[in-house]
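Colleague: I have just opened this one and would like a guided look around. Could you walk me through some of the contacts and the packing?

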Amino acid sequence: MKVVETIAEMRRLRLELTEPVGFVPTMGYLHDGHLALVKRARAENPSVVVSLFVNPTQFGPQEDFASYPRATRRDLTMLEKGKTDIVFMPSVAEVYPPQFDSWVEVGKISQRLEGAARPAHFRGVTTVVAKLFNIVQPAKAYFGQKDAQQVVVIRKMVTDLNMNLEVVTCPTVREPDGLAMSSRNTYLNPEERRAAVVLYESLKLAQRQWSQGEKDAAKLRQTMTALIQKQPLATIDYVSIADNETLEELDKVKPPALVSLAVKIGKTRLIDNVILE
Ligand code: AMP
């Protein structure tokens with residue numbers, strides 16, 4: 001496994017890889033959710049590149065860029081075991097030199113849900129992912145369903161800008177009690193960690209009611225909201241039932257519908273989702 005910090009070196013070593021190349025972009029502090037993407041990339045490609053880069057442009061001014069958890073040495077050990085060929089871990093200055101002033105922005109779907117709560121978030125995501133795609137030139141790139149809107153937005157960017165690669169979505173990996181794995185789970189104290197299971201419980205409740213015939217999206221949102229509100233440590237940011245492509249809120253559930261939510265547990269903002277198929 002080679003660890004590379006500059007774009008020039010990444011490009012040079014990229015030439016030596018056997019095609020096709022599978023690529024997994026991450027912000028590091030790896031867990032089994034990330035490793036599932038690496039494993040899938042490994043199974044489908046002779047070469048695998050993983051990036052570790054905490055991207056400052058996708059964090060809002062009041063968000064956790066500075067405190068975002070980092071554990072590079074541990075990440076590298078995990079990637080070595082996962083048989084990664086190249087780890088690309090550039091500095092912020094390497095990715096965003098002082099004269100940097102170009103952005104990749106997806107329209108309407110970037111403004112909804114997470115985009116409404118975090119205004120410049122997806123502009124930062126699409127810009128860095130476009131840059132990484134240009135640098136790594138993968139045939140396939142792997143993303144987690146955990147960040148459902150991110151996948152929708154990146155697919156739209158790839159289609160609209162004719163990027164020559166396939167986007168592969170991998171299922172959300174969960175803890176035994178159902179909490180979606182996330183680097184941010186590390187912010188939770190033990191009491192908050194127990195409370196955090198309410199996100200998945202509310203998603204399962206919606207899923208159950210829908211499978212029992214409830215088609216009224218407002219009613220499903222209401223039951224989810226009521227369940228979450230019973231948890232004193234939880235504050236709802238949004239509970240949404242939306243079309244999985246346009247991300248527009250639905251009145252009547254028409255599959256595939258994206259049920260997604262953002263909830264603060266104490267000070268930690270968590271997101272999760274399921275799809276009603
Ligand atoms: P991050 O490091 O949080 O930017 O995540 C990097 C990639 O891993 C993204 O495509 C995420 O959607 C994916 N990911 C994060 N958590 C999970 C999870 N629990 N299950 C599956 N994929 C995940």
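**Salt bridges, a helix and some rings**

Modeller: The count of salt bridges comes to 14, where a salt bridge is a side-chain nitrogen of Lys or Arg within 4 Å of a carboxyl oxygen of Asp or Glu. Keep in mind that this is a predicted model, in which local features need pLDDT of at least 70 and side-chain atom pairs count only at pLDDT 80 or more, while totals for chains, interfaces and linings use all residues. Residues are numbered from 1 along each chain as its sequence is written, and side-chain values use heavy atoms, with hydrogens and water left out.

Colleague: Which residue forms a salt bridge with Asp-272?

Modeller: That is Arg-174, whose side chain meets Asp-272 at 2.8 Å, N to O. The pair links distant parts of the chain, 98 residues apart, with Asp-272 in strand S9 (residues 268-276) and Arg-174 in the loop between strand S6 (166-170) and helix H8 (190-195); helices (H or I, at least four residues) and strands (E, at least two) are DSSP runs, numbered from the N terminus.

Colleague: Is Asp-272 buried or exposed?

Modeller: Asp-272 counts as buried, at 3% relative accessibility. Buried means under 20% relative accessible area, exposed over 50% and partly exposed in between, with a 1.4 Å probe and protein chains only.

Colleague: And what does the salt bridge of Asp-85 and Arg-42 tie together?

Modeller: The side chains of Asp-85 and Arg-42 meet at 3.3 Å, N to O. Asp-85 lies in the loop between H3 and S4 and Arg-42 lies in helix H2, so this pair ties together parts that are 43 residues apart in sequence. Asp-85 is partly exposed at 25% relative accessibility, and Arg-42 is partly exposed at 24%.

Colleague: Which residues of helix H3 are buried?

Modeller: In H3, which covers residues 72-81, the buried ones are Asp-75, Leu-76, Met-78 and Leu-79. Seen down the helix axis, these buried residues fall within an arc of 165°, so they line one face of H3; the arc is that of the directions from the helix axis to the C-beta atoms. The face turned away from the buried side carries the exposed residues Arg-73 and Lys-81.

Colleague: What covers the buried residues of H3?

Modeller: The cover includes strand S1 (2-4), helix H2 (32-44), strand S3 (47-52) and strand S4 (86-88). After H3 comes Lys-83, which has a positive phi, near 60°.

Colleague: Changing topic, how many aromatic pairs are there?

Modeller: A search of the whole structure finds seven aromatic pairs. Rings of Phe, Tyr and Trp (its six-membered ring) pair if their centres lie within 6.5 Å, and planes under 30 degrees apart count as stacked, over 60 as edge-to-face and the rest as tilted. Phe-59 and Phe-65 form an edge-to-face pair, at 5.5 Å centre to centre and with 65° between the planes. Phe-100 and Trp-103 are also an edge-to-face pair, at 5.4 Å centre to centre and with 90° between the planes.

Colleague: Which residues form the aromatic cluster with Trp-103?

Modeller: Phe-53, Tyr-96 and Phe-100 form one aromatic cluster with Trp-103. Arg-123 lies over the face of Trp-103, at 3.8 Å from the ring centre, and the charged end of Lys-131 sits over the ring of Tyr-96, 5.7 Å from its centre. A charge sits over a ring if NZ of Lys or CZ of Arg is within 6 Å of the ring centre and within 35 degrees of the ring normal.

Definitions and conventions
Contact = heavy atoms within 4.5 Å.
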